[in-house]
Amino acid sequence: MKFVIVFVALFAFALAAPADVEVLRSESDVQPNGYKFALETSDGSSRTEQGELKNIGTDEEAIVVRGSYSWVAEDGQKYTVDFVADENGFQPQGKHLPVA
């Protein structure tokens, strides 16, 4: 079920792109215990993500997701966010993001 949610999100991301933006690269691989995908569009946006189950078969079973996404802003600068999402929540990092 978790993998279905990821692919619905990926599909929504692709549909949300403006009509004049083309998908340059789209790759995905879904396995029983994990997945990965990469998407790159002609407007300079991209996203990569990899998720895997940990503690399989226990009460602590969870998915850990690592990835990054980037886009070109109106100022012409490319911004990138690297992230981890796990039992500690969504943890983004980027040069343009403030550090607590």
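N55 lies in the loop between strand 3 and strand 4 (62-72); helices (H or I, at least four residues) and strands (E, at least two) are DSSP runs, numbered from the N terminus. The model is predicted, so local features need a pLDDT of at least 70 and side-chain atom pairs count only at pLDDT 80 or more, while totals for chains, interfaces and linings use all residues. Residues are numbered from 1 along each chain as its sequence is written, and side-chain values use heavy atoms, with hydrogens and water left out. The chain holds 1 helix and 6 strands, in the order α-β-β-β-β-β-β from the N terminus on.

- The 6 strands form an open sheet in the order 1-2-3-4-5-6, with antiparallel pairing; two strands pair if DSSP finds at least two bridges between them.
- Strand 1 and strand 6 (89-93) stand at the edges with a single partner strand each, so one side of each has no neighbour in the sheet.
- On average, and with direction ignored, neighbouring strands of this sheet are turned by 10 degrees against each other (axes are lines fitted to C-alpha atoms, for helices over the stretch in contact, and angles run from 0 to 180 degrees between N-to-C directions).
- Strand 1 (residues 23-31) runs antiparallel to strand 2 and is joined to it by 8 bridges.
- A hairpin of 2 residues links strand 1 to strand 2, and Q31 stands opposite G34 in strand 2.
- Strand 2 also pairs with strand 3, in the antiparallel sense, over 7 bridges; here L39 has R47 in strand 3 as its bridge partner.

**Burial and the nonpolar core**

- Of the 100 residues of the chain, 25% count as buried (buried means under 20% relative accessible area, exposed over 50% and partly exposed in between, with a 1.4 Å probe and protein chains only).
- The largest nonpolar core has 6 residues in all, namely Y35, F37, L53, I63, V65 and F83; such a core is a set of buried Ala, Val, Leu, Ile, Met, Phe, Trp, Tyr and Cys residues joined through side-chain atoms within 4.5 Å.
- Strand 2 (34-41) and strand 4 each supply at least two residues of this core.

**Aromatic residues**

- The count of aromatic pairs comes to 5; rings of Phe, Tyr and Trp (its six-membered ring) pair if their centres lie within 6.5 Å, and planes under 30 degrees apart count as stacked, over 60 as edge-to-face and the rest as tilted.
- W71 and Y79 form a stacked pair, at 5.7 Å centre to centre and with 25 degrees between the planes.
- Within that pair, W71 is partly exposed at 31% relative accessible area, whereas Y79 is buried at 18%.
- The pair of F83 and F90 is tilted, because the ring centres are 5.4 Å apart and the planes stand at 40 degrees.
- F83 is buried, with a relative accessible area of 6%, while F90 is exposed at 51%.
- One aromatic cluster takes in Y69, W71, Y79, F83 and F90.

**Contacts and individual positions**

- Among contacts between residues at least 6 apart in sequence, 19% join residues at least 24 apart; contact means heavy atoms within 4.5 Å.
- S46 belongs to strand 3 (residues 46-54) and touches L39, E40, S68, Y69 and S70, residues up to four places away in sequence not being counted.
- The side chains of S46 and S70 make a polar contact at 2.8 Å (a pair of N or O atoms within 3.5 Å; within protein, one must be able to donate a hydrogen and the other to accept it, and residues adjacent in sequence count only if both atoms are side-chain atoms).
- D82, in strand 5 (residues 78-86), is partly exposed with a relative accessible area of 41%.
- Leaving out residues up to four places away in sequence, D82 touches G67, S68, Q91, P92 and Q93.
- D82 and Y69 are 13 residues apart in sequence, and their C-alpha atoms are 6.7 Å apart.
- N55 has a phi near 55 degrees, a positive value in a residue other than glycine, and is partly exposed at 39% relative accessible area.
- G94 lies in the segment after strand 6 and is partly exposed at 22% relative accessibility.
- The C-alpha atoms of G94 and F83 are separated by 8.7 Å, the two residues being 11 residues apart along the chain.
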